[in-house]
Amino acid sequence: GTVSGGAGTDTATLELAGDRTLGADMLRDFEILNGEGSGTLTLTGAQTYERVNAATNLTIGSGASLTAPVVFGAADNRFTVAGRFAGSVDGGAGTDAILVSGGSAAAPVAFGSIANVEAFGMTAGYATIAGDASLNSVDMAGGRLVGLAGSTIRAAQIAVRSGATFGSAGSVIGNIAVAGTLSPGASPGTMTVTGNVSLASGSVSLFEITPTVADKLVINGGLSIASGSTLRIVAEGAIRPGTSYDLIVASGGINGSYTTIDKSASLFGFVVQRADRIQLLGQFLGDPAFNPQVARSIDYANAAIQVQPATSTLFAALPAMLTASGASNSQAFAQLTPEAYASATQMGVDQTLSLTDVARGPGFATTDREDVGLFTFAQGIAQWHTLGADRDAGTAKARSSGYGFLGGIGIGNRDWSVGAFAGYLDSRQRITALGAATSTDGVVAGVHGRYTAGNIRIGASILYDGGDARTTRALPGASSATGRYGLHSWATDLSVGYALAMANDWTLTPKVGVTYLRTTRDRVSEAGGPFALTVARDRHVTGFADAGVTFARSEASDAAFRPYIGFGARTRIEGKRADAVAGYAGAPLTLTALGAPRARVTGTASAGVAYRLPSGVELFSTVEAQTGQDDHRESIATGVRLRF
């Protein structure tokens with residue numbers, strides 16, 4: 001039948017003599033249930049009390065539920081939960097055990113606090129602990145046990161066998177041995193362990209990741225990972241590129257490593273293990289629309305992240321590489337490349353070609369005299385050069401300008417001359433799209449000789465440019481980096497012409513020439529934060545061949561006014577495109593960037609005028625232009641020459 005307690009606070013006491021079953025319909029309106037005697041009291045149905053005092057074993061049957069705090073007496077008692085339970089447990093003075101096989105994720109066995117219980121076992125089901133649980137040992141052969149946020153589980157040893165899952169979003173005090181699944185957090189959360197954790201072969205460590213937070217295991221002790229263990233990462237949405245998640249931090253260090261890393265296909269990142277932690281680092285995503293220069297920069301950043309120490313300042317700078325929507329910022333990645341240094345190599349080439357123009361120019365012209373005499377000259381030069389952008393390669397437009405003054409001395413007559421010159425050149429290059437600028441200044445020098453045999457004209461030069469360069473690059477995050485380095489060039493030049501006599505002392509002279517130059521850009525280490533580059537030393541060899549025709553006064557003419565005009569072409573016959581190899585944040589020097597391209601063939605045009613005064617003073621001025629595909633250069637020179 002049914003017994004009703006009615007109003008008030010009522011107590012039902014069951015004196016057992018062996019195992020008995022209490023159905024939900026047997027007692028009604030009782031607030032306290034006492035179980036005495038010997039045997040096991042099994043509850044069926046849904047039962048709720050303000051308190052259960054059990055001096056015997058207590059079982060919640062499969063499909064049944066109990067909502068009440070349970071207090072055991074002085075005997076050795078066993079609390080078996082095959083159904084559902086919600087409440088706290090006090091084991092009393094005996095040696096007590098809790099055995100769980102019931103509950104589900106939707107309707108778990110929900111422990112509030114557990115006190116004075118020596119053993120906790122679980123073979124199946126799903127259970128949670130919300131408060132403090134003091135246990136001697138936990139032995140899980142199956143099921144899942146979860147410590148909720150704010151909970152504390154104390155046990156000398158926690159064994160998670162194959163097929164069982166254990167985790168917490170609170171604290172665990174004790175050693176944990178896992179052969180099954182360790183699942184820190186509670187979708188997601190942080191699990192703090194004071195003790196040692198060992199992961200056996202075949203074990204799985206399960207971490208859940210969201211775009212803003214990730215599961216984390218903090219171990220105030222050591223972590224041992226056996227061969228054959230698996231780290232499984234489940235992602236909900238895409239993680240933010242460049243973000244670093246500490247999955248495991250172990251103050252006592254980590255021994256061993258995971259054999260298998262199992263992560264979602266949507267999770268674009270990689271796992272890095274360090275001495276005291278295991279991290280998940282979000283990778284930057286590429287895009288088919290990105291040019292090769294940017295794609296290489298993204299690949300390098302992803303590789304550089306992997307070798308960073310946990311305290312690297314690079315991690316704090318990585319958010320600057322993203323757009324507002326969290327995508328990889330192509331402009332920012334372009335700024336990380338050493339493109340400015342690759343394009344600076346072209347400045348060295350330009351300055352050396354300017355010296356070639358000086359050597360071939362009026363300063364070293366043969367005289368109109370039969371006798372040998374000295375001469376000297378001084379001139380100023382200026383040049384402007386624009387190298388266009390290459391969208392296919394991803395390089396930006398580079399504009400440069402420069403000026404200089406130099407002087408020389410020589411000896412010769414109308415058949416030959418030889419001399420030397422020295423001076424300085426200053427140049428500046430801007431790459432507006434990258435916010436980069438390079439300036440160079442330094443001493444230049446050269447020797448030149450000419451020889452005339454009948455109609456044949458031969459000239460040869462050795463030239464040197466000893467430039468010192470300074471490059472400043474804008475970096476993501478409103479910062480900048482600066483590097484200083486040597487930018488030196490050597491060149492040899494040879495030209496041959498054949499003067500065809502025209503009427504009235506005019507000549508038409510077809511010419512061919514070859515110029516070889518070597519530009520060396522010294523190694524440089526920038527100053528300017530985690531994205532500051534270390535750029536490798538580079539030696540760039542280029543060969544040019546030129547051909548043209550000049551219409552001018554004969555060199556032997558006595559005419560004072562001496563104009564000329566010339567047309568031709570110059571082609572690159574040797575040398576690859578200028579590039580630079582660099583690295584940052586301690587990563588290897590493998591980040592390659594191309595510089596602005598120089599046209600393989602350019603057309604040239606030149607004009608000039610010289611005026612010989614009776615006193616042996618000669619004034620001269622020249623202009624020259626070359627143009628090719630996205631390659632345009634102009635130069636001007638003005639000077640004076642004095643014959644002794």
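The side chains of Arg577 and Asp390 are joined by a salt bridge, with 2.9 Å from N to O. Arg577 belongs to the loop between S45 and S46 and Asp390 to the loop between S34 and S35, so the pair ties together parts that are 187 residues apart in sequence. The structure described here is a predicted model. Asp390 counts as buried because its relative accessibility is 19%, and buried means under 20%. Arg577, with a relative accessible area of 24%, is partly exposed.

## Further salt bridges

The count of salt bridges comes to 15. One of them is formed by Arg414 and Glu370, whose closest N and O atoms are 3.7 Å apart. This pair links distant parts of the chain, 44 residues apart: Arg414 is in the loop between strand S35 (398-412) and S36, and Glu370 is in the loop between helix H4 (339-360) and strand S34 (373-387). Arg414 is partly exposed, with a relative accessible area of 25%, whereas Glu370 is exposed, at 56%.

Arg537 forms a salt bridge with Asp522, and here the closest N and O atoms are 4.0 Å apart. Asp522 counts as partly exposed, at 25% relative accessibility. Elsewhere, a network of salt bridges links Asp246, Asp276 and Arg277.

## Pairing of the strands

Strands of a sheet pair through backbone hydrogen bonds, in either a parallel or an antiparallel sense. The following table lists several antiparallel pairs.

| Strand | Partner strand | Bridges |
|---|---|---|
| S41 (residues 506-521) | S44 (residues 538-553) | 16 bridges |
| S45 (residues 561-574) | S48 (residues 601-612) | 11 bridges |
| S44 | S45 | 10 bridges |
| S48 | S49 (residues 617-628) | 10 bridges |
| S43 (residues 533-535) | S46 (residues 579-584) | 3 bridges |

Thr519 has His540 in S44 as its bridge partner. Asp546 stands opposite Arg570 in S45, and Ala569 stands opposite Gly603 in S48. The bridge partner of Gly608 is Thr622 in S49.

The pair S43 and S46 also belongs to an open sheet of 4 strands, with the order S42-S43-S46-S47 and antiparallel pairing. Its edge strands are S42 (524-525) and S47 (591-594), each of which pairs on one side only. Within this sheet, Val535 has Ala582 in S46 as its bridge partner.

## Positive phi angles

Most residues other than glycine have a negative phi. Which residues other than glycine have a positive phi here? Asn504 is one of them, with phi near 60 degrees. Asn504 lies in the loop between strand S40 (500-501) and S41, and it counts as exposed because its relative accessibility is 62%, above the cut-off of 50%. Asp630 also has a positive phi, of about 55 degrees. Asp630 is placed in the loop between S49 and strand S50 (631-643) and counts as partly exposed, at 41% relative accessibility.

A glycine provides a further case. In the hairpin of S48 and S49, with 4 residues between the strands, Gly616 takes a positive phi near 95 degrees.

## Surface patches

On the surface, Arg428, Arg430, Arg470 and Arg484 gather in a patch of positive charge. Of these residues, Arg430 lies in strand S36 (residues 416-431). Arg430 is partly exposed, with a relative accessible area of 46%.

Which element supplies the largest share of the nonpolar patch? The largest share comes from S39, with 3 residues. Ile456, in strand S38, counts as partly exposed, at 36% relative accessibility.

## A loop residue

Phe268 is located in the loop between strand S31 (260-263) and strand S32 (269-273). Phe268 is partly exposed, with a relative accessible area of 37%. Phe268 and Asn291 are 23 residues apart along the chain, and their C-alpha atoms are separated by 20 Å.

Technical notes:
Residues are numbered from 1 along each chain as its sequence is written. This is a predicted model: local features need pLDDT of at least 70, side-chain atom pairs count only at pLDDT 80 or more; totals for chains, interfaces and linings use all residues. Side-chain values use heavy atoms; hydrogens and water are left out. Patches are made of residues with over 30% relative accessible area and no salt bridge: like charges are joined within 9 Å, nonpolar side chains (Val, Leu, Ile, Met, Phe, Trp, Tyr) within 5 Å. Accessible areas come from the Shrake-Rupley method with a 1.4 Å probe; for residues, only the protein chains shown count as cover. Lys and Arg count as positive and Asp and Glu as negative; His and the chain ends are not counted. The place of a charge is taken as NZ of Lys, CZ of Arg, CG of Asp or CD of Glu. Helices (H or I, at least four residues) and strands (E, at least two) are DSSP runs, numbered from the N terminus. Buried means under 20% relative accessible area, exposed over 50%, partly exposed in between (1.4 Å probe, protein chains only). Two strands pair if DSSP finds at least two bridges between them.
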